[in-house]
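Here's a quick briefing on a protein model, written for someone just getting started. Have a look at the sequence and the structure first, then work through the points below.

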Amino acid sequence: MQITPITNEFNTEFETEEFANKTYKIDFKENRIIGKITDLEAVEQAIYKILHTERYSYLIYSWNYGVEFENLIGKDYEFILGDLQRRIEEALFQDDRIEKIDNLTIKKISKESILVSFIVVSKYGNLKTEVNVNV
């Protein structure tokens, strides 16, 4: 009796996918889809969705999607100041249309709220962006 070893071939080549530039336009106020968008408008919507989705909280999204703000609650203000830019960049740079974050400013609104403003430089143009972070 001859024993033949079982081999598992594993393809180590991976393909990367770019984010689709054409997507559905979401009306967040009315919670409905109202057409399609492309280019800068699509990037703007993607930024909004990323910055308003807590990473690791929804099974529908990969672990690379969203931002980590919830675990900042109760942290020292100096720690938060030092880490916010990294967290925002890490979240947004998952989208290959986003090239750079510029002019990031942080303003303490209240004891529990920080307003972060910045410019997103994308393949399709620049967007002034703000996000309110609860701390």
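A salt bridge here is a side-chain nitrogen of Lys or Arg within 4 Å of a carboxyl oxygen of Asp or Glu. Keep in mind that this is a predicted model: local features need pLDDT of at least 70, side-chain atom pairs count only at pLDDT 80 or more, and totals for chains, interfaces and linings use all residues. Residues are numbered from 1 along each chain as its sequence is written, and side-chain values use heavy atoms, with hydrogens and water left out.

**More on that pair**

- Aspartate 83 and arginine 87 both sit in helix H2, four residues apart, which is about one turn of the helix.
- Aspartate 83 is buried, at 10% relative accessible area, and arginine 87 is buried too, at 8%.
- "Buried" means under 20% relative accessible area, "exposed" means over 50%, and "partly exposed" is in between (1.4 Å probe, protein chains only).

**Other salt bridges**

- How many salt bridges does a search of the whole structure find? The search turns up eight.
- Arginine 55 pairs with glutamate 68, and their closest N and O atoms are 3.5 Å apart.
- Both arginine 55 and glutamate 68 lie in the loop between H1 and H2, so this pair ties together parts that are 13 residues apart in sequence.
- Arginine 55 is buried, with a relative accessible area of 8%.
- Aspartate 102 and lysine 100 also form a salt bridge, at 3.7 Å from N to O.
- Aspartate 102 is partly exposed at 26% relative accessible area, and lysine 100 is partly exposed at 43%.
- Salt bridges that share partners link Arg55, Glu68, Asp83, Arg86, Arg87 and Glu90 into one network.

**The overall layout**

- The protein has two helices and five strands. Both kinds of element are DSSP runs numbered from the N terminus: helices are H or I with at least four residues, strands are E with at least two.
- Reading from the N terminus, the elements go β-β-α-α-β-β-β.

**The sheet and its helices**

- Three strands make an open sheet in the order S3-S4-S5, with antiparallel pairing. Two strands count as paired if DSSP finds at least two bridges between them.
- Which strands are at the edges? They are S3 (98-110) and S5 (125-134), and each pairs on one side only.
- From one strand to the next, the twist averages 20°. Axes are lines fitted to C-alpha atoms (for helices, over the stretch in contact), and angles run from 0 to 180 degrees between N-to-C directions.
- S3 and S4 (residues 113-122) pair in the antiparallel sense over nine bridges.
- Isoleucine 98 stands opposite serine 122 in S4.
- Helix H1 (residues 39-51) packs on the sheet and touches S3, S4 and S5, and its direction makes about 15° with that of S5. Contact means heavy atoms within 4.5 Å.
- Helix H2 (residues 77-92) packs on the sheet as well, touching S3, S4 and S5, with its direction at about 150° to that of S3.

**Whole-protein numbers**

- Of the 135 residues in the protein, 31% are buried.
- Among contacts with a separation of 6 or more, 35% come from residues 24 or more positions apart.
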